[in-house]
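Let's work through this one together, a question at a time. Keep the model open while you read.

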Amino acid sequence: MKTRLLRSFLKPELVRVNISATCKREAILTLLNIVDDAGSLRDRDEAERVVFERERNMSTGLERGVAIPHGKTDSVDNLLVAIATKPDGLDFDSADGQPAKILVLTLSPAGRSGPHIRFMAEISRLLRDDVLRRRVVEAQSADEIVSLLTR
Amino acid sequence: MDYVRRQVPDKHGMYNGHVRPRSWSILAVVMVMIVLVPSAGAAQLGAGASGVSERMTHLMLQLAVILCVAKTAGYASERFLRIPAVLGELASGVIIGPYALGSVIGLFEHPELTEFPLSPELYGIATLASIVLLYLAGLETDLGMFLRYSVAGSLVGAGGVILSFVLGDLAAVWTGLANSVVSPAALFLGTISTATSVGITARILSERNKLDSPEGVTVLAGAVIDDVLGIVILAAVIGMARVMERGGNVEWLPILAVLGKALGFWVICTAVGLLIARRLGKILETFRSRQTMASISLGLALLLAGLSEKAGLAMIIGAYIMGLSFSRVDCAHVLRRHLEPVYHTLVSVFFCVMGMMVDVNALQSILLVGIVFSLIAIVAKVLGCAVPAMFAGFNLLGASRIGFGMLPRGEVALIVAGIGLSTGLITSDIFGVAIMMTLVTTGVAPLVMVRLYDDREGLRQRWAAARREAGRRRSICLTLPNVEIAEFLLSNVLEMFEAEECYVHQVFPGETLFQVRKDDISITLRREGATITLSCGDIDCEFARLVLLEALASLVKVFEGVREFEQTTDLRSQLQLG
């Protein structure tokens with residue numbers, strides 16, 4: 001019941017394991033590329049601007065190595081989510097200072113109501129579980145991550 | 001019916017319709033209106049009320065008085081007497097109605113001169129109000145929550161409806177208001193007794209932070225079943241009454257045919273409605289303007305209302321079905337939000353007009369009957385709901401909380417009574433009894449409830465332990481540098497909850513306590529001075545925390561913006577130097 005949103009929005013083709021990015025900026029650009037490559041972005045520059053602006057106001061690095069960069073933008077029609085893992089971790093300017101190992105980019109349409117924060121809450125609540133978080137970081141394929149998060 | 005009035009502050013921190021008025025000056029304006037407007041109206045009447053423009057002028061003057069008087073009375077009863085606004089609005093209607101002050105000061109013609117106490121124009125507006133009301137009641141239905149608490153809710157709702165209908169119908173015969181249990185009068189009184197109006201209960205529950213208590217959710221889920229069963233019974237009763245009106249005596253074949261037709265219409269329309277609602281919702285969403293979406297949806301509700309009347313049922317049944325169907329679509333909250341101003345205006349007119357139809361001169365003769373009937377209605381609903389609740393894990397205290405929570409009757413009882421009176425199926429005596437029952441039950445319920453709802457446990461021990469395990473509540477406390485920033489942040493937070501399609505409800509006008517709901521999400525927000533406290537169940541904590549975080553981020557953005565602005569243009573000197 002409590003993974004309803006994850007179930008409807010997670011797609012394996014928007015998930016990458018062990019990305020090569022080494023800093024926050026690169027990581028976010030990688031996530032945006034994942035969405036853009038799938039042909040889901042109307043205006044990539046606009047999406048990039050929104051996400052980085054949100055990041056400038058306050059870092060979206062949560063505790064325990066999870067980061068949730070996000071933005072509301074007209075360049076998407078539906079909620080889109082891209083997930084990337086970085087087992088070595090990268091600095092995301094988190095409040096607890098821990099390097100981010102799981103990165104979740106959420107984009108949803110601006111000017112329209114619908115789940116956005118609710119979606120991020122669902123994934124972040126799930127990732128509070130130490131065992132699950134470790135298994136996601138260690139996952140070797142996109143399908144494995146999706147099945148871990150929607151079980 | 002469950003339609004909780006919602007208040008959200010706008011950008012200026014004002015509360016829709018509840019800006020604290022200078023009560024005395026408003027009262028003075030109302031008094032002046034009562035005296036001046038009707039005399040103008042009387043002059044119009046004297047000049048010959050048959051012309052369209054004269055009749056419209058008279059209608060506008062009537063509406064002017066009704067709106068000002070009913071709204072003031074409703075506000076005063078809530079604010080000063082601490083009783084539900086509907087009581088004040090109804091009472092104001094009785095006072096300014098054609099049977100009392102109204103005909104004396106020339107606002108209305110004396111009813112003895114006419115067949116029906118109100119002009120068709122005014123009654124038409126009240127009918128429109130009842131359709132909007134039932135449409136919103138349907139739209140507001142929380143089917144998701146109902147399904148989660150469906151067992152206890154169904155038992156409680158069905159128990160209350162069945163016992164109320166049976167006892168109401170029998171009481172009509174016992175008290176001599178009807179001569180047989182299948183006469184239209186008895187059937188109508190039975191139907192009038194069934195419909196719970198849970199809005200008042202919901203308000204008390206949220207004031208005491210008990211909306212998500214086991215008793216609270218059971219009452220809210222029970223109200224869903226109550227609504228549905230009540231509407232089905234109404235459909236059947238109207239059909240039966242019409243058959244008997246024609247035939248004069250009880251013929252079971254046509255009655256069964258009508259019952260079948262009524263149930264058929266209900267089941268088919270609801271099923272089709274729920275099936276195609278999502279598609280209809282998508283079509284509505286292609287209109288970029290939210291106002292347009294809301295108005296068209298109301299148009300569709302009126303359409304189904306008309307069709308259901310054509311099918312031999314009441315118009316409100318169609319309106320309710322359309323609301324129920326749209327309650328599941330994504331844009332439901334947009335529709336609700338944009339129809340709310342219409343609702344708030346019309347509903348007061350509706351209650352006031354219902355009060356106006358009470359024949360005060362006849363009250364004396366029906367007083368005793370009315371009291372007896374009201375007592376029976378109380379016993380029927382409380383027992384009918386409390387006894388099933390005892391089987392659903394509640395102890396005596398919990399069960400009585402549920403029984404009294406389901407007690408208030410309201411708009412639907414009034415609408416049904418109005419339909420009966422306007423179609424001539426019930427007399428004005430019975431109408432008076434119905435109004436009295438509504439007033440008594442709505443008045444008694446809060447008095448008892450405030451005593452019952454405290455911190456004692458309402459569940460039996462075994463259930464209570466299981467619940468304690470499942471639902472601990474947590475608080476998040478945030479202290480901001482000053483009240484202004486806290487207010488700004490709060491309005492941001494509420495906006496964000498709404499953008500997430502949550503339903504935000506201000507618990508009491510003028511106080512900064514809010515309830516946020518969506519499916520099984522239940523979060524309470526309070527601002528005291530510069531401190532914002534948010535409390536929620538364990539499971540919603542992450543959502544609440546992220547919303548606060550986002551609101552804080554947007555606050556940072558605002559501060560950044562202001563700083564940039566100061567650097568590039570000197571706004572202050574621009575303004576100060578003109």
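Q: Which residues does B:Lys381 touch, not counting residues up to four places away in sequence?
A: This is a predicted model, where local features need pLDDT of at least 70, side-chain atom pairs count only at pLDDT 80 or more, and totals for chains, interfaces and linings use all residues. Residues are numbered from 1 along each chain as its sequence is written, chains are lettered from A and ligands numbered from 1 in the order in which they are written, and side-chain values use heavy atoms, leaving out hydrogens and water. Touching here means a contact, that is, heavy atoms within 4.5 Å. With neighbours up to four places away in sequence left out, the list for B:Lys381 is B:Gly160, B:Val161, B:Ser164, B:Ser193, B:Thr194, B:Thr196, B:Asp226, B:Gly403, B:Met406, B:Leu407 and B:Arg409.

Q: Is B:Lys381 buried or exposed?
A: Buried means under 20% relative accessible area, exposed over 50%, and partly exposed in between (1.4 Å probe, protein chains only). B:Lys381 has a relative accessible area of 0%, so it counts as buried.

Q: Which side chain does B:Lys381 join in a polar contact of 3.2 Å?
A: A polar contact is a pair of N or O atoms within 3.5 Å; within protein, one must be able to donate a hydrogen and the other to accept it, and residues adjacent in sequence count only if both atoms are side-chain atoms. At 3.2 Å, the partner of the B:Lys381 side chain is that of B:Thr196.

Q: How far apart are the end C-alpha atoms of helix 7 of chain B?
A: Helices (H or I, at least four residues) and strands (E, at least two) are DSSP runs, numbered from the N terminus. The expected span is 1.5 Å times one less than the number of residues. Helix 7 of chain B has 25 residues, so it should span 36 Å, and that agrees with its end C-alpha atoms being apart by 35 Å.

Q: At roughly what angle do the axes of helix 2 and helix 3 of chain A cross?
A: Axes are lines fitted to C-alpha atoms, for helices over the stretch in contact, and angles run from 0 to 180 degrees between N-to-C directions. The axes of helix 2 (residues 24-37) and helix 3 (residues 44-57) of chain A come within 11 Å, and they cross at roughly 145°.

Q: Where is A:Asp93 found?
A: A:Asp93 isn't a glycine, yet its phi is positive, about 65°. It's exposed, as its relative accessible area is 53%. Its place in chain A is the loop between strand 4 (80-90) and strand 5 (100-108).
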